[in-house]
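Morning, everyone. Let me put the model on the screen, and then I'll walk through it piece by piece.

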Amino acid sequence: MKFVFSDAYRASKDEVTSFILNFEKQGRLFGDGDRNKIKLFPLDGKQINIKSFKIPNAVNKGAYRFLRKSKAQRSFEYAHHLLSAGIGTPYPVAFAEEKTALLFKRSYYVSEHLECDLTYRTLVQDPEYPQWEEILRAFTRFSYSLHEKQVEFLDHSPGNTLIQIDKKGFEFFLVDLNRMNFRELDFDARMKNLSRLTPKKEMVEIMAEEYAKLYGRNREEVFEKMWFYTRDFQERFHRKKAMKKKLKFWKK
């Protein structure tokens, strides 16, 4: 197994290595563990978060072995890139990869565990949440700053931004980092990047108004494009969901 550590955690190498090697028997499960499994471990008075990515399919076992960086390596490298750009994300501790001579097996991404007050999903589910509109507008400003810093977060979805609230305001932290591009984004790319967040028109209206002020475009133009991509995503999402139900029915 290959291990790579951030400089700040080299002194904890032995402990973290032991956590990964004993991942199935130790640690506290965090979340449902449906696709990838996350566990929490104590380390020097903190909690660290170890994400075990599921073993890839037969084709990707070869691709990740020879052609592509693993999800764990990408998460580790992208976290360092975000932090260097002044973008919040839990601090990266390490990543590990298990390989054979010909095939890729499993990978692990380790970061500091970050407690949060809410995620964007809370705003979708609870429009009565305290400071709802203020948080939504602040989140839009955060998303605009990502685009200005040439960060295209491909998994910019409701559960992947952690939000902390303090006396100074709101802080935002990206998680689930393995799918990103770093490039200049035109108007369409920016609007499409916000399409997965909410199906609610009233939320898109507020986000469009806030984004338009920052981007120097007409509010109606921004809303029209943002809502177009939102509806397109929702339609494709529900078609895919319906297809999965049909496939499950026929399997039965």
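This is a predicted model: local features need pLDDT of at least 70, side-chain atom pairs count only at pLDDT 80 or more; totals for chains, interfaces and linings use all residues.

Residues are numbered from 1 along each chain as its sequence is written, and side-chain values use heavy atoms, with hydrogens and water left out.

Start with valine 151. This residue is in strand 8. Is valine 151 buried or exposed? Its relative accessibility is 1%, so valine 151 counts as buried. The scale: buried is under 20% relative accessible area, exposed is over 50%, and partly exposed is in between, with a 1.4 Å probe and protein chains only. What does valine 151 touch? Leaving out residues up to four places away in sequence, the list is Leu82, Ile87, Leu146, Met180, Asn181, Phe182, Arg183 and Leu185. Contact here means heavy atoms within 4.5 Å.

Now the cores. A nonpolar core is a set of buried Ala, Val, Leu, Ile, Met, Phe, Trp, Tyr and Cys residues joined through side-chain atoms within 4.5 Å. The largest one has 45 residues, and Tyr120, Leu174 and Met226 have the most contacts inside it. Elements that give two or more residues to this core include helix 3 (71-84), strand 8 (151-153), helix 7 (201-215) and helix 8. Helix 5 gives the largest share, 8 residues. Look at tyrosine 120. Its contacts, not counting residues up to four places away in sequence, are Leu136, Phe139, Pro158, Thr161, Ile163, Leu197, Thr198, Met203 and Met207. A second, separate core has 15 residues, among them Val16, Phe19, Ile48 and Val93.

On to helix 8, residues 219-251, where we find threonine 230. At 1% relative accessibility, threonine 230 counts as buried. A polar atom of its side chain lies 2.8 Å from the backbone oxygen of methionine 226. For reference, a polar contact is a pair of N or O atoms within 3.5 Å; within protein, one must be able to donate a hydrogen and the other to accept it, and residues adjacent in sequence count only if both atoms are side-chain atoms. Threonine 230 also touches Leu194, Ser195, Thr198, Pro199 and Val204, again not counting residues up to four places away in sequence.

Next, sheets. Two strands pair if DSSP finds at least two bridges between them. Three strands first: they form an open sheet in the order 7-9-10, with antiparallel pairing. Strand 7 and strand 10 stand at the edges with a single partner strand each, so one side of each has no neighbour in the sheet. Strand 7 (residues 118-119) pairs with strand 9 (residues 161-166) over 2 bridges. Threonine 119 has leucine 162 as its bridge partner in strand 9. Leucine 162 in turn is bridged to phenylalanine 173 in strand 10. Strand 9 and strand 10 (residues 169-174) share 6 bridges, and a hairpin joins them through 2 residues.

Then strand 5, residues 92-99. Why call it largely enclosed by the rest of the structure? Because 6 of its 8 residues are buried. Strand 1 (residues 2-5) pairs with strand 5 in the antiparallel sense over 4 bridges, and phenylalanine 3 stands opposite alanine 96. Strand 6 (residues 104-112) also runs antiparallel to strand 5, with 7 bridges. Phenylalanine 95 has tyrosine 109 as its bridge partner there. A hairpin of 4 residues joins strand 5 to strand 6.

Last, two backbone angles. Most residues other than glycine have a negative phi. Glutamine 131 has phi near 60°, a positive value. Its place is the loop between helix 4 and helix 5, and at 40% relative accessibility it counts as partly exposed. Aspartate 176 also has a positive phi, near 60°. This aspartate is in the loop between strand 10 and strand 11 (180-182), and it is partly exposed, with a relative accessible area of 25%.
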